[in-house]
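Here is a short report on a few residues. Keep the sequence and the 3D view open as you read.

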Amino acid sequence: MAATTAATFTLSKLLKSSTPKHLSLLSPQKSNLFTSSSHFSPLPLKFKQPLHPLHSLKHSTISRISATISVGDKLPNSTLSYFDSSDELKTLLISDLTNGKKVVLLAVPGAFTPTCSQKHLPGFVEKSKELKSKGVDTIACISVNDAFVMKSWKENLGINDEVMMLSDGNLEFTKAIGCELDLSDKPVGLGIRSRRYSMLVEDGVVKILNLEEGGAFNVSSAEDILKAL
């Protein structure tokens, strides 16, 4: 019995003396293995200033107002699509839409989205007669949705010939004028869309451009275009 006790003691002492000490930036003042609380006193540490500033890892949703297109520029001759009054799918060049005409274009981030459906597009439908009385030949709504969605949205809002509903499903026109809006961080799966804007185009040249920050709705209403005419 004594031999067994001595052997156990010797082995325990050997293991204790041979176990490497754990290195830590915190030195324990008191520790109890059977409780979850331990008290540590921090050792003074000195850090050098990083060579490069550290940036937040959180994705920022703040978008700056910028675009490739500006007042005085000629619109790129992109191709859009739409359903005509006979329910036939057609394509339309920007040049065919704007050459020799005064055209109001409004763009929205997405069909059926709240602000676009309740305020932005309905405002142009409501003010279409006033706009056309001031010399506007055509009012067209552009969205990065397919032509079938645009057709369904038009029917849902009860729009007739007040506003043309044009699809830029492949982002061809939106990218060409530099008005992409990245909504990939949103949980609803919008992806890359168009910024909200309204513009007056005369013979293919931008005369007025009201570009919103992201999907905001502050300066691109039908009233804003009317004030500028």
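## Buried residues and cysteines

Ser 81 counts as buried, because its relative accessibility is 18%. Buried means under 20% relative accessible area, exposed over 50%, and partly exposed in between (1.4 Å probe, protein chains only).

This is a predicted model: local features need pLDDT of at least 70, side-chain atom pairs count only at pLDDT 80 or more, and totals for chains, interfaces and linings use all residues. Residues are numbered from 1 along each chain as its sequence is written, and side-chain values use heavy atoms, with hydrogens and water left out.

Ser 81 sits in strand E3 (residues 79–83). Helices (H or I, at least four residues) and strands (E, at least two) are DSSP runs, numbered from the N terminus. Leaving aside residues up to four places away in sequence, Ser 81 touches Leu 89, Lys 90, Thr 91, Ala 147, Met 165, Leu 166 and Ser 167. Contact means heavy atoms within 4.5 Å.

Now take Lys 127. This lysine lies in the loop between helix H3 (114–126) and helix H4 (128–133). Lys 127 touches Ala 222, Glu 223 and Leu 226, again not counting residues up to four places away in sequence.

The table lists relative accessibility for three further entries.

| Residue | Relative accessible area | Class |
|---|---|---|
| Lys 127 | 17% | buried |
| Cys 116 | 1% | buried |
| Cys 179 | 1% | buried |

How many disulfides does the structure hold? There are 0 disulfides. A disulfide is a pair of cysteine sulfur atoms within 2.5 Å. The sulfur of Cys 116 is 7.8 Å from the closest cysteine sulfur, in Cys 141, so the two are too far apart for a bond.
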